[in-house]
Amino acid sequence: FKRQFCIERIVVLFNRIAKILYLSLLVIFLVQKFSYSLEPQLSAGVSSQKYISTDKIEQIFKSNLGTTGGILYTKVPRGLVVSFDSGIFFENESVELKDSSKDLLNKISVLISEIGKPCVIEGNSTERNERGSFTNSNLELTIERAQNVAHYIVQTKLVSLNQIYAIGFGKLMPFRDNVDYRDDMDNRIDFVIINYEKYQR
């Protein structure tokens, strides 16, 4: 009995280490991808397009999508995060997009296209979505969801494949807004509009 317990503890520990290692490698890959892909686009956008502030981007999204119904806006140093409750796009435990969410995704595609900035789609979940094994864990669930959202947006042909990036964080990135902890938004899809503000004296 004691030996079996030890084996189970080792398996659990191994799974946790594997998750952390997987996420670390994923983040390193994205950082490298951004350094080679995003920075040229951002510098080109600043020089060739009219400068747009993060406040303006937030105003555009709010005027087109509203501020209710599971949508939250958070300004961060890298730009604007537009957070949606995952239930808008997916049934519980599912990675298949709801048909009812496609009109919203079409609107988001138009906005991303018009703003012309890179967008990172981030999948997040709560512990309540655990599926019970590493291969079907929250991490894989959120990665698949983010990829499916990105795939649909690219399919609209309004947004370039090079403008969209997808990543899943599982339960590792709980939502915190500027005021307090929001447990009800841990299970979400974030659209991060990359827009580093110009330095102004």
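Biologist: What makes you say that helix H2 lies across S1, strand S2 and strand S5?
Modeller: Helix H2 (residues 54-65) lies across S1, strand S2 (79-85) and strand S5 (188-194), where contact means heavy atoms within 4.5 Å. Helix H2 runs at about 175° to S1, on a scale from 0 to 180 degrees between N-to-C directions, with axes fitted to C-alpha atoms and, for helices, over the stretch in contact. Helices (H or I, at least four residues) and strands (E, at least two) are DSSP runs, numbered from the N terminus.
Modeller: This is a predicted model, in which local features need pLDDT of at least 70, side-chain atom pairs count only at pLDDT 80 or more, and totals for chains, interfaces and linings use all residues. Residues are numbered from 1 along each chain as its sequence is written, and side-chain values use heavy atoms, leaving out hydrogens and water.

Biologist: How do you know that S3 and S4 pair?
Modeller: Two strands pair if DSSP finds at least two bridges between them, and strand S3 (residues 119-124) and S4 have five bridges, in the parallel sense. In one of these strands, S4, Ala-166 is the bridge partner of Ile-121.

Biologist: Why is one side of S1 and of S4 left without a neighbour in the sheet?
Modeller: The open sheet has five strands in the order S1-S2-S5-S3-S4, with mixed pairing. Strand S1 (71-76) and strand S4 (164-168) stand at its edges and each has a single partner strand, so one side of each lacks a neighbour there.

Biologist: Why is Gly-69 called exposed?
Modeller: Gly-69 is in the loop between H2 and S1. Its relative accessibility is 62%, and exposed means over 50% relative accessible area, buried under 20%, and partly exposed in between (1.4 Å probe, protein chains only), so Gly-69 counts as exposed.
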